[in-house]
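The following exercises concern a single protein chain, shown below. Each task is followed by a solution in steps.

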Amino acid sequence: MTDFQATRAMFDLPEGVIYLDGNSLGPLPRAAADRVASCIRKEWGEMLITGWNRAGWMEMPRRIGDRIGRLVGAEPGSVVLGDTLSIKVFQALAAACEMRPGRRVILSDRGNFPSDLYMAEGLCRMLGDRELRTVAPEEVEGAIDETVAAVMVTEVDYRTGRRHDMAAITAKAHAAGALAIWDLAHSAGALPVRLAEEGADFAVGCTYKYLNSGPGGPAFIYVAPRHGEQAVPALSGWLGHEAPFAFDLSYRPGRGVERMRVGTPPVLQMAALDAALDVWDGVAMEDLRARSLALTDLFIAEVEARCPDLVLATPREHARRGSQVSFRHPEGYPIMQALIARGVIGDFRAPDILRFGFTPLYIGKAEVIRAAEVLSEVMAGRLWDREEYRRRAAVT
């Protein structure tokens, strides 16, 4: 059994704060600061450029990729770190389109994260003969046909926490001759993911949410080994070359997922991520999922009993839910600001979503109940109805 008291002690959280926003930015793992400081002083400071060899900086994207691969059900050697999530989305989309040259449609859903759709729109403009087609989330499976080159969806909806059925959609895509690309931004570290078992072709994800790598942490990409030598990266960067230090003027793709490397890896950010992943060494994903569902069930019940004006936006069914709970209210933004001012940190997503993330690594039953109590106080007393809570900040 996973010891969640032990994992809680591995995070540095401010006193008096109930942090329900780890689905947007994970908190600081206690070991990360020392690990980064050591990387700065002992590796960069003392080794200088020799750190690429002596400290293993060049191998970090692949080594840490395997650590993440364990959490998302990937085969060894099929995940690599680097760049941003948007870049990795673009790489996966471009490779999938090239692998299905006779097909013109990229299929996604209207609940997908906008950046994923922007990447698809940009690729379609570049190629000139592709179309991004979006449907309602519940209509994705039925919209897959022989015109579709790739199905690109985020497994857990960033607004509502609604979860797609990876196995069913991937199987339908394959039956129609299409490829399946999964964005795991709200899945990796939040619930069990079975990329290999469920047949995903490509997957991407960020590390600064449930994996706690810190702001701006690098993204990852998964390429199914069966596609490793067929997937051609549109962004053919130096470190994705078969032999970067041969300095060839013409590009030759690296082996397997290594070809999806682009630029110089962010060593300091990866040092923080490496330390953050130590938290997961004693965690069973099935235990994490069971605790997540219990906490989200409890929060839904407490809030609905106390706050009748809030409307649940998250599916009640366990199979259709990620590790967040969202409620709707026309005054969602000031309500969330009033909560944050009282030490309960969630976030707001337009137009009317109050979003709460549940990370069992450091959140327990008592905090869930207290968060519902504070939300009830804010709602019952209309404590949100103040001018300072209505002023929109740059980040909501």
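A residue is buried at under 20% relative accessible area, exposed at over 50% and partly exposed in between, with a 1.4 Å probe and protein chains only. The model is predicted, so local features need pLDDT of at least 70 and side-chain atom pairs count only at pLDDT 80 or more, while totals for chains, interfaces and linings use all residues. Residues are numbered from 1 along each chain as its sequence is written, and side-chain values use heavy atoms, with hydrogens and water left out.

**Exercise 1.** Determine whether arginine 103 counts as buried or exposed, and list its contacts.

*Solution.* Helices (H or I, at least four residues) and strands (E, at least two) are DSSP runs, numbered from the N terminus. Arginine 103 is located in the loop between helix 5 (85–99) and strand 5 (105–109). Its relative accessibility is 17%, so arginine 103 counts as buried. Contact means heavy atoms within 4.5 Å. Neighbours within four places in sequence being set aside, arginine 103 contacts Arg130, Asp145, Glu146, Thr147, Val148, Ala149, Ala176, Gly177 and Ala178.

**Exercise 2.** Identify the side-chain partners of glutamate 155 in polar contacts.

*Solution.* Glutamate 155 belongs to the loop between strand 7 (148–154) and helix 8 (166–175). With 2% relative accessibility, this residue counts as buried. A polar contact is a pair of N or O atoms within 3.5 Å; within protein, one must be able to donate a hydrogen and the other to accept it, and residues adjacent in sequence count only if both atoms are side-chain atoms. The side chain of glutamate 155 meets that of serine 187 at 2.7 Å and that of arginine 163 at 3.3 Å. Beyond four places in sequence, the residues that glutamate 155 touches include Trp182, Asp183, Leu184 and Val193.

**Exercise 3.** Explain why the buried residues of helix 4 line one face of the helix, and state what they pack against.

*Solution.* Helix 4 (residues 60–71) has 12 residues. From first C-alpha to last it reaches 17 Å, close to the 16 Å expected at 1.5 Å a residue, where the expected span is 1.5 Å times one less than the number of residues. Its buried residues are Met60, Pro61, Ile64, Gly65, Ile68, Gly69 and Leu71. Seen down the helix axis, these residues fall within an arc of 160 degrees, so they line one face of helix 4; the arc is that of the directions from the axis to the C-beta atoms. They pack against strand 4 (79–81), strand 10 (220–223), helix 9 (267–277) and helix 10 (285–306). Just after helix 4, glycine 73 has a positive phi of about 70 degrees.

**Exercise 4.** Classify the ring pair of phenylalanine 299 and phenylalanine 358, and say which parts of the chain the pair ties together.

*Solution.* Rings of Phe, Tyr and Trp (its six-membered ring) pair if their centres lie within 6.5 Å; planes under 30 degrees apart are stacked, over 60 edge-to-face and the rest tilted. The structure holds 10 aromatic pairs. For phenylalanine 299 and phenylalanine 358, the centres are 5.1 Å apart and the planes at 55 degrees, so the pair is tilted. Phenylalanine 299 lies in helix 10 and phenylalanine 358 in the loop between strand 15 and helix 12, so the pair ties together parts 59 residues apart in sequence. Both residues, phenylalanine 299 and phenylalanine 358, are buried. Ring pairs join Phe299, Phe327, Phe356 and Phe358 into a cluster.
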